[in-house]
Amino acid sequence: MNNKTIKESISKQIQKYLNDTKMSKTSLSELLGVTRTSINRWINCICSPDIELFPRLCEVLNISIFELLGLSIEDHFSTNEVEILNMYYNNMNFRHLIDRYRSDETFRKELEKVLES
């Protein structure tokens with residue numbers, strides 16, 4: 001995957017989101033904390049968002065990082081892994097549980113005890 005393909009995929013996803021939601025570029029720029037000019041530059045494939053913005057951009061667009069970059073998750077993961085990733089991206093309760101499991105050692109230990117029973 002090259003830089004041009006990534007820029008085109010990001011542009012396509014942003015344009016789709018704006019069309020589907022009827023949101024203005026200004027409103028999107030405010031949600032992301034960037035300028036309207038940045039949004040235009042991304043749409044016109046002049047540049048890409050900083051990688052630090054990818055998680056927030058995916059959250060706002062309600063897509064996975066794979067979709068943002070134009071990748072097929074099926075090409076990179078097993079069927080079970082794809083199922084888990086889809087659950088993570090599509091279910092906020094599941095996402096919260098996984099994020100807490102990853103960040104809270106006490107919670108992780110307690111959950112592992114329960115699962116071992």
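## Reading the helix packing in a predicted model

Author: Helix H2 (residues 25-32) packs against helix H4 (residues 54-61) at an angle of about 130 degrees, and their axes lie 10 Å apart. This is a predicted model, in which local features need pLDDT of at least 70 and side-chain atom pairs count only at pLDDT 80 or more, while totals for chains, interfaces and linings use all residues. Residues are numbered from 1 along each chain as its sequence is written, and side-chain values use heavy atoms, with hydrogens and water left out.

Reader: How are the helices and their axes defined?

Author: Helices (H or I, at least four residues) and strands (E, at least two) are DSSP runs, numbered from the N terminus. Axes are lines fitted to C-alpha atoms, for helices over the stretch in contact, and angles run from 0 to 180 degrees between N-to-C directions. Two packed helices are described by the angle between their axes and by the distance between the axes.

Reader: What does the angle of about 130 degrees make of H2 and H4?

Author: The angle of about 130 degrees makes H2 oblique to H4. Angles under 35 degrees count as roughly parallel, over 145 as roughly antiparallel, 65 to 115 as roughly perpendicular, and the rest as oblique. H2 passes H4 in a right-handed crossing. A crossing is right-handed if the near helix is turned clockwise from the far one by less than a right angle, and left-handed if anticlockwise.

Reader: Which residues make the contact between H2 and H4?

Author: On the H2 side they are Leu28, Leu31 and Leu32, and on the H4 side Arg56, Leu57 and Val60. Contact means heavy atoms within 4.5 Å. By class, the contact of H2 with H4 has five nonpolar residues, no polar ones and one charged. Ala, Val, Leu, Ile, Met, Phe, Trp, Tyr, Cys and Pro count as nonpolar, Asp, Glu, Lys and Arg as charged, and the others, Gly among them, as polar.

Reader: At what angle do H2 and H3 cross?

Author: The axes of H2 and H3 cross at roughly 105 degrees and come within 8 Å. That makes H2 roughly perpendicular to H3. Lys25, Thr26, Leu28, Ser29 and Leu32 of H2 meet Arg36, Ile39, Asn40, Trp42 and Ile43 of H3. The residues of this contact divide into five nonpolar, three polar and two charged.

Reader: Which residues have the most contacts inside the largest nonpolar core?

Author: In soluble globular proteins, nonpolar side chains tend to be buried together. A nonpolar core is a set of buried Ala, Val, Leu, Ile, Met, Phe, Trp, Tyr and Cys residues joined through side-chain atoms within 4.5 Å. Here the largest has 20 residues, and those with the most contacts inside it are Ile14, Leu28, Leu32, Ile39 and Leu68. Helix H1 (3-21), H2, helix H3 (36-43), H4 and H5 each supply at least two residues of this core. Not counting residues up to four places away in sequence, Leu28 touches Ile14, Tyr17, Leu18, Met23, Ile39 and Val60.

Reader: Is Gln13 buried or exposed?

Author: Buried means under 20% relative accessible area, exposed over 50%, and partly exposed in between (1.4 Å probe, protein chains only). Gln13 is in helix H1 and, at 15% relative accessibility, counts as buried. Beyond residues up to four places away in sequence, Gln13 touches Leu61, Ile63, Glu67 and Leu68. Ile65 is found in helix H5 (residues 65-69), and its 27% relative accessibility makes it partly exposed. Leaving aside neighbours within four places in sequence, Ile65 is in contact with Phe54, Cys58 and Tyr89.

Reader: How do H6 and H7 cross?

Author: The axes of helix H6 (residues 79-90) and H7 come within 5 Å and cross at roughly 105 degrees. H6 and H7 are therefore roughly perpendicular to each other. Among the residues in contact are Ile84, Met87 and Tyr88 of H6 and Phe94 and Ile98 of H7. Phe94 lies in helix H7 (residues 92-103) and counts as buried at 18% relative accessibility.
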